[in-house]
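Please read them with the coordinates open.

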Amino acid sequence: MEKLVSQFAENVAAQTDAIWRGDSTAANRYAKKYISIHNKLRAHGDAGREALTVLFAHPRMDVRVMAAAYLLRYRTKDATAVLKEAAKGEGLVPFKAGQALLRWEEGTWSLDPE
């Protein structure tokens with residue numbers, strides 16, 4: 001599972017970099033990859049979800065935020081703390097963090113159904 005977690009982080013970072021370059025085709029390709037990787041981790045149940053929690057301490061904010069967004073149901077307290085901290089900033093990643101929190105609070109969040 002460590003390899004999947006590493007690949008998840010790499011693809012999230014690559015998506016963000018592609019967005020900054022204005023390459024939406026590449027950004028979408030990387031998004032599809034990390035979504036697929038998340039599904040593979042989720043197939044392992046809570047062990048797969050737990051493996052993803054190491055990314056809460058990743059050096060890149062975009063990776064921390066994406067992991068937290070996916071883990072809101074599983075690790076609500078830790079994930080919301082990561083998202084709230086990130087949402088304090090300005091720019092795309094803090095905006096994404098704020099949106100994830102908003103969707104969670106509205107009850108419309110659905111990245112990792114039970």
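1. The side chain of Thr16 makes a polar contact with the side chain of Asp62, at 2.7 Å, in what is a predicted model. Thr16 belongs to helix α1, which covers residues 2-21, and, leaving aside residues up to four places away in sequence, Thr16 touches Arg60 and Asp62.

2. The structure holds 8 salt bridges. One of them pairs Asp17 with Arg60, with the closest N and O atoms 3.0 Å apart; because Asp17 lies in helix α1 and Arg60 in the loop between α3 (46-52) and α4, the pair ties together parts that are 43 residues apart in sequence. Asp17 is partly exposed at 33% relative accessibility, and Arg60 is partly exposed at 28%.

3. Arg60 also meets Asp62 in a salt bridge (2.9 Å, N to O). A further salt bridge joins the side chains of Asp78 and Arg75 (2.6 Å, N to O), with Asp78 partly exposed at 31% and Arg75 partly exposed at 25%. Through shared partners, salt bridges join Asp17, Arg60 and Asp62 into one network.

4. The largest pocket holds about 200 Å³ of space, and the elements that each give two or more residues to its lining are α2 (24-42), α4 (61-70) and α6 (92-106). The lining divides into 9 nonpolar, 1 polar and 2 charged residues, and includes Tyr34, Met66, Lys96, Arg103 and Trp109.

Conventions
Residues are numbered from 1 along each chain as its sequence is written. This is a predicted model: local features need pLDDT of at least 70, side-chain atom pairs count only at pLDDT 80 or more; totals for chains, interfaces and linings use all residues. Side-chain values use heavy atoms; hydrogens and water are left out. On a 1 Å grid over the protein atoms alone, a cavity is a set of points where a 1.4 Å probe fits but cannot get out, and a pocket is an open set with protein on both sides within 12 Å along at least five of seven lines; lining residues have an atom within 4 Å of a point. Grid points are joined across faces, edges and corners, and a volume is the space filled by probe spheres set on the points. Helices (H or I, at least four residues) and strands (E, at least two) are DSSP runs, numbered from the N terminus. Ala, Val, Leu, Ile, Met, Phe, Trp, Tyr, Cys and Pro count as nonpolar, Asp, Glu, Lys and Arg as charged, and the others, Gly among them, as polar. A polar contact is a pair of N or O atoms within 3.5 Å; within protein, one must be able to donate a hydrogen and the other to accept it, and residues adjacent in sequence count only if both atoms are side-chain atoms. Contact means heavy atoms within 4.5 Å. A salt bridge is a side-chain nitrogen of Lys or Arg within 4 Å of a carboxyl oxygen of Asp or Glu. Buried means under 20% relative accessible area, exposed over 50%, partly exposed in between (1.4 Å probe, protein chains only).
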